[in-house]
Amino acid sequence: MSSSSPNLVADEVALGVESASSVAPGGGAGRDFATYLGIKLLAALVSLVAVVVIAFILFSIIPANPVRTLTQGRPVSAAELATLRRQLGIGEPIYTQFWHFLDNLLHLRLGYSYQFRESVSSLIGQRIGPTMLLMGTSTLISIVLGLWLGIRSGWNEGSRFDRIASGASLALWSVPTFWLGIILLVVLSVGFGAFHGIFPAGGMHSPTAAPGAVNTVLDVAWHLVLPCLTLVLVVFAQYVTIMRSSIIDELGNPYLLTARAKGLRDDEVRRRHAVPNALLPSVTIIFLQLGAMVSGAITVEVVFSWPGLGYLTYQALQLPDIQLLEGTFIFFSAAVIGMNLVADILYRYLDPRVRAQ
Amino acid sequence: MSATSAPLAHVTSVPGRSSRLRALVRMPGAVAGIAILVIVAAVAIGAPLFVHSYDLDVTKVNGPLLHAPTGAYPLGTDQSGRSELLLLAWGSRPSLLIGIIATALTMVLGTVIGLLAGHYQGIVGRLLMTVTDWFIVLPSLPLAIALSAVMGEGDTSITIAIAVTSWASTARLLRAQTLAVEARPFIERAKALGASNTQIMVRQVLPNVVPLILVSATLTVAGAILDQATLTFLGLGNPTEVSWGSMLNTAFANGDITAGAWWTLVPPGLAILVVVLGFSLTGRAVERVLNPRLAVER
């Protein structure tokens, strides 16, 4: 579940290459692209429907008494219960229930959180921002750092640099994300012996922060450092492994020999010939790893009380607030499916074989 | 494996068992990994010999509360005065057990689906692979959280949640290998002799993919132990059980971070790290020795 291990990633590289070659050839670029886009859109839609069906089964079919499950541990009036039963279509046939479920979803009626006394959709709306800030920053840093290290160690396969980078990647993959966060908190926030912590213990804003836009940005950035660092440390290792193995896949290719025969320096051969080719399969896999990124973000948000969707999921879990959990589950899944669609389109655009046509 | 040694023999010049062992011993990573696993397994199995139920019972222990390491308590004590060292030893049991059971479930699920998808290459196979790809892309932690929240907290729901969210990559590997094995002449021979689909899958293909299953299982245990720790940390585990994940959950919930009580926070995580590393190193080494050329034969 927590992303495939570094070893299996190599197989996924092959997977990426396979899917690339299956779309590459063919004339009539414009119409071709429309077909490609159509197929990918359809696939994303099917995945989305599958998520909805799973959510329906999980939250409406499995519980013996969904209304009871939804209102666990809360005093609810008979009128509220009746409303809920009507909304969910309980007592009606399954397909009518599913229709109710779908209807609610399409109108973004994700339910009501009794814990926060707010609708689930508005709660999710409030928490998207912090999660996107955290995931965006750490994904960006991880990609840049991971690709750079991966290229370096793959190009000099077996060198000391490669051995250290690969070893560090494996060790970091083996660290539980939440524990790494805890350790960073203990060392850099609480402090150790004579060393006093320099970073905040959690949250996104200090109550004592000075007013003004610049100060707010600085304050948020100061709070962002530790959660972001945790996520980067855990995630970038996977990117190193991915990029390393796709660079190694390119090493034996004759076009590199040609480039060297032209008299290009080693550095240029790598930058202008090997990297562009190795980047292609890596992009796909990096996007495939987004699910793992989401998992990492949830635990990091919990440790640092970062007010995002992951922390919201954790808060929902404490009661448990089932409708809120259902909402975050559907949202996370839909977001990852959407990002994968973007990756597919991006891939098509990045592939020079296709773009040239 | 030995039942179908004939088809295996002419695949490639497979090195003998003893030379494989020798290759394994020459790899420092493999030796370290296996050593870690042996030690941890010994601690987990032997724990009942030196940890008694009253050592774990918060109402019966009489150590100092949340005290830094001393002579009597080499790893200090937790908020209830229990010895961290004993908790750590006992915690290896559920962590390993759930990891291994979840892996067994994952392997069964992944192998069955991978074999079926590889053998029936028509609509059935395509459909199975679509489902598999869907599970690979989907964020697994939200799904696992939803699953365990609906099923209620406890070991069973965690185990099921881990298996449901991790079988997909095994199925993918197994399908690729099944395709490779089925392309070989001895499958054609079996078909000509009138072997049924089930016979081909169980008697001919399965023995040839067992090494791959073993490698995949070793690596999956590593992931399953991490997942188990994460889900327990989030509060989905059995609340009365002592595991590495629940120790961290308790320490985190009690505010041991602000108290600076590093001795309740560092050891459980370090234990998880070491065990996961042990499984990963072993898996990688076995993979390299058996070298089923996972990525190439698709």
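The model is predicted: local features need pLDDT of at least 70, side-chain atom pairs count only at pLDDT 80 or more, and totals for chains, interfaces and linings use all residues. Residues are numbered from 1 along each chain as its sequence is written, with chains lettered from A and ligands numbered from 1 in the order in which they are written.

**Chain B overall**

- Chain B holds 12 helices and zero strands, where helices (H or I, at least four residues) and strands (E, at least two) are DSSP runs numbered from the N terminus.
- Along the principal axes, the C-alpha atoms of chain B fill a box of roughly 75 × 45 × 30 Å.

**Helix 10 of chain B**

- Helix 10 of chain B (residues 197-233) has 37 residues, and its end C-alpha atoms are only 45 Å apart, short of the 54 Å that a straight helix would reach at 1.5 Å a residue; the expected span is 1.5 Å times one less than the number of residues.
- At Leu206(B), helix 10 of chain B bends by about 55°, and the proline Pro207(B) follows within four residues; the bend is the angle between axes fitted to the seven residues ending at a residue and the seven starting there.

**The side of chain B that touches chain A**

- In total, 50 residues of chain B are in contact with 50 residues of chain A (contact: C-beta atoms, placed from the backbone, within 7 Å).
- Elements giving two or more residues to this side of chain B include helix 6 (123-137), helix 8 (155-182) and helix 11 (244-253).
- Helix 12 of chain B gives the largest share, 12 residues.
- This side of chain B has 34 nonpolar, 12 polar and four charged residues; Ala, Val, Leu, Ile, Met, Phe, Trp, Tyr, Cys and Pro count as nonpolar, Asp, Glu, Lys and Arg as charged, and the others, Gly among them, as polar.

**Helix 14 of chain A against helix 7 of chain B**

- Helix 14 of chain A (residues 322-350) packs on helix 7 of chain B (residues 140-151) at about 155°, with axes 9 Å apart; axes are lines fitted to C-alpha atoms, for helices over the stretch in contact, and angles run from 0 to 180 degrees between N-to-C directions.
- That angle makes the two helices roughly antiparallel (under 35 degrees is roughly parallel, over 145 roughly antiparallel, 65 to 115 roughly perpendicular, the rest oblique).
- Residues in this contact include Phe329(A) and Phe332(A) of helix 14 of chain A, and Leu143(B) and Ala146(B) of helix 7 of chain B.
- By class, the contact has nine nonpolar, two polar and no charged residues.

- Helix 6 of chain A bends by about 35° at Arg127(A), and the proline Pro130(A) follows within four residues.
- Helix 6 (residues 120-155) and helix 13 (residues 309-318) of chain A pack at about 130°, with axes 7 Å apart, and are therefore oblique to each other.
- In that contact, Leu123(A), Ile124(A), Arg127(A), Ile128(A) and Thr131(A) of helix 6 meet Leu309(A), Gly310(A) and Leu312(A) of helix 13.
- The residues of this contact are five nonpolar, two polar and one charged.
- The axes of helix 6 and helix 9 (residues 213-251) of chain A come within 6 Å and cross at roughly 35°.
- The contact of helix 6 with helix 9 of chain A has 22 nonpolar, seven polar and one charged residues.

Technical notes:
Two residues are in contact if their C-beta atoms, placed from the backbone, lie within 7 Å.
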